[in-house]
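Visitor: I would like to know what stands behind the labels used for this model. Could you take me through them?

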Amino acid sequence: MTNPVSILAEEHGRFRETLDRLNSAARTRDHIGARRLLLSLQEPLDLHGRKEEQLLAALRERLPSVTLDALAREEEEERAFAADAIRSLDASGEGPAPAEIEKFIAWLRRHMWREENFVFPDAERHLAESELAALGARMAKLKPFERENGTRAP
Ligand SMILES: [Fe+2]
Ligand SMILES: [Fe+2]
């Protein structure tokens, strides 16, 4: 079976690598590199967030919790944050990388830490093997959003 928690944890590992590279690009004022890295994160972050929404929905039914409610709201913020960072980067010209990049990196690292410490252990503790397997199968079928003209969203 495809364990949904393993899928999400593995994606976190890839995001962390990209965030490290984004951090280096921002520090060396490599705005082109930073922009490319932020763009490369958008679609995977969007897909990842939709997978997590499925896991959170199943878990919140079983286990009402203020922390899980807060994390579900953060899924929306996750998408808006990367777009904000790109906009501020575009407005920053040749100067130092805008503070929004550092904020985005810190925010995403903290969000993943909270998921790994609250959501993932709760999912493994409170969801049955069969529910986890069904979620894993549903996650594997999710596709990136498509625009009306058939191209993928940026
Ligand atoms: Fe998330
Ligand atoms: Fe996540």
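Guide: What follows sets values against definitions, helix by helix and then residue by residue.

Guide: This is a predicted model, where local features need pLDDT of at least 70, side-chain atom pairs count only at pLDDT 80 or more, and totals for chains, interfaces and linings use all residues. Residues are numbered from 1 along each chain as its sequence is written, while chains are lettered from A and ligands numbered from 1 in the order in which they are written.

Visitor: Why are α2 and α4 called roughly parallel?

Guide: Helix α2 covers residues 31-62 and helix α4 residues 99-126; they pack at about 30 degrees, with axes 11 Å apart. Helices here are DSSP runs of H or I, at least four residues long, numbered from the N terminus. Axes are lines fitted to C-alpha atoms over the stretch in contact, and angles run from 0 to 180 degrees between N-to-C directions. Under 35 degrees counts as roughly parallel, over 145 as roughly antiparallel, 65 to 115 as roughly perpendicular, and the rest as oblique. The angle of about 30 degrees therefore makes α2 and α4 roughly parallel.

Visitor: Which residues make that contact?

Guide: From α2 come Ala-34, Glu-52, Leu-55, Leu-56, Leu-59 and Arg-62; from α4 come Ile-101, Glu-115, Val-119, Asp-122, Ala-123 and His-126. Contact requires C-beta atoms, placed from the backbone, within 7 Å. By class, the α2 and α4 contact has 7 nonpolar, 1 polar and 4 charged residues. Nonpolar covers Ala, Val, Leu, Ile, Met, Phe, Trp, Tyr, Cys and Pro; charged covers Asp, Glu, Lys and Arg; the others, Gly among them, are polar.

Visitor: What makes α1 and α2 roughly antiparallel?

Guide: Their axes come within 10 Å and cross at roughly 160 degrees. That angle therefore puts α1 and α2 among the roughly antiparallel pairs. The crossing of α1 and α2 is left-handed. A left-handed crossing has the near helix turned anticlockwise from the far one by less than a right angle; clockwise would be right-handed. The α1 side of the contact includes Leu-22, Ala-25 and Ala-26, and the α2 side includes Ala-34, Leu-38 and Leu-41. This contact has 12 nonpolar, 4 polar and 4 charged residues.

Visitor: How do you know which way α3 runs relative to α4?

Guide: The axes of α3 and α4 come within 10 Å and cross at roughly 155 degrees. So α3 is roughly antiparallel to α4. Their crossing is left-handed. Among the residues that meet are Leu-71, Phe-81 and Ala-85 in α3 and Ile-101, Phe-104 and Trp-107 in α4. The α3 and α4 contact divides into 11 nonpolar, 3 polar and 6 charged residues.

Visitor: What counts as a nonpolar core?

Guide: A core is a set of buried Ala, Val, Leu, Ile, Met, Phe, Trp, Tyr and Cys residues joined through C-beta atoms within 7 Å. Buried means 20 or more other C-beta atoms within 10 Å; exposed means 12 or fewer; partly exposed lies in between. The largest core here has 17 residues, and Leu-22, Ala-34, Leu-38, Ala-85, Leu-89 and Ile-101 have the most contacts inside it. Helices α1 (4-27), α2, α3 (66-91) and α4 each give two or more residues to this core. Helix α2 gives the most, with 5. Ala-34 touches Leu-22, Ala-25, Ala-26, Leu-89, Ala-97 and Ile-101, leaving aside neighbours within four places in sequence. A second, separate core of 10 residues includes Val-119, Ala-123, Leu-127 and Leu-132.

Visitor: Why is Ser-130 called exposed?

Guide: Ser-130 lies in helix α5, residues 129-141. Ser-130 has 9 other C-beta atoms within 10 Å, so it is exposed.

Visitor: What makes Pro-121 exposed?

Guide: Pro-121 sits in helix α4. Its count is 12 C-beta neighbours inside 10 Å, so Pro-121 is exposed.

Visitor: What stands out about the phi of Arg-29?

Guide: Arg-29 has a positive phi of about 55 degrees, although it is not a glycine. Most residues other than glycine have a negative phi. Arg-29 lies in the loop between α1 and α2. Arg-29 has 13 C-beta neighbours inside 10 Å and therefore counts as partly exposed.

Terms used. Two residues are in contact if their C-beta atoms, placed from the backbone, lie within 7 Å.
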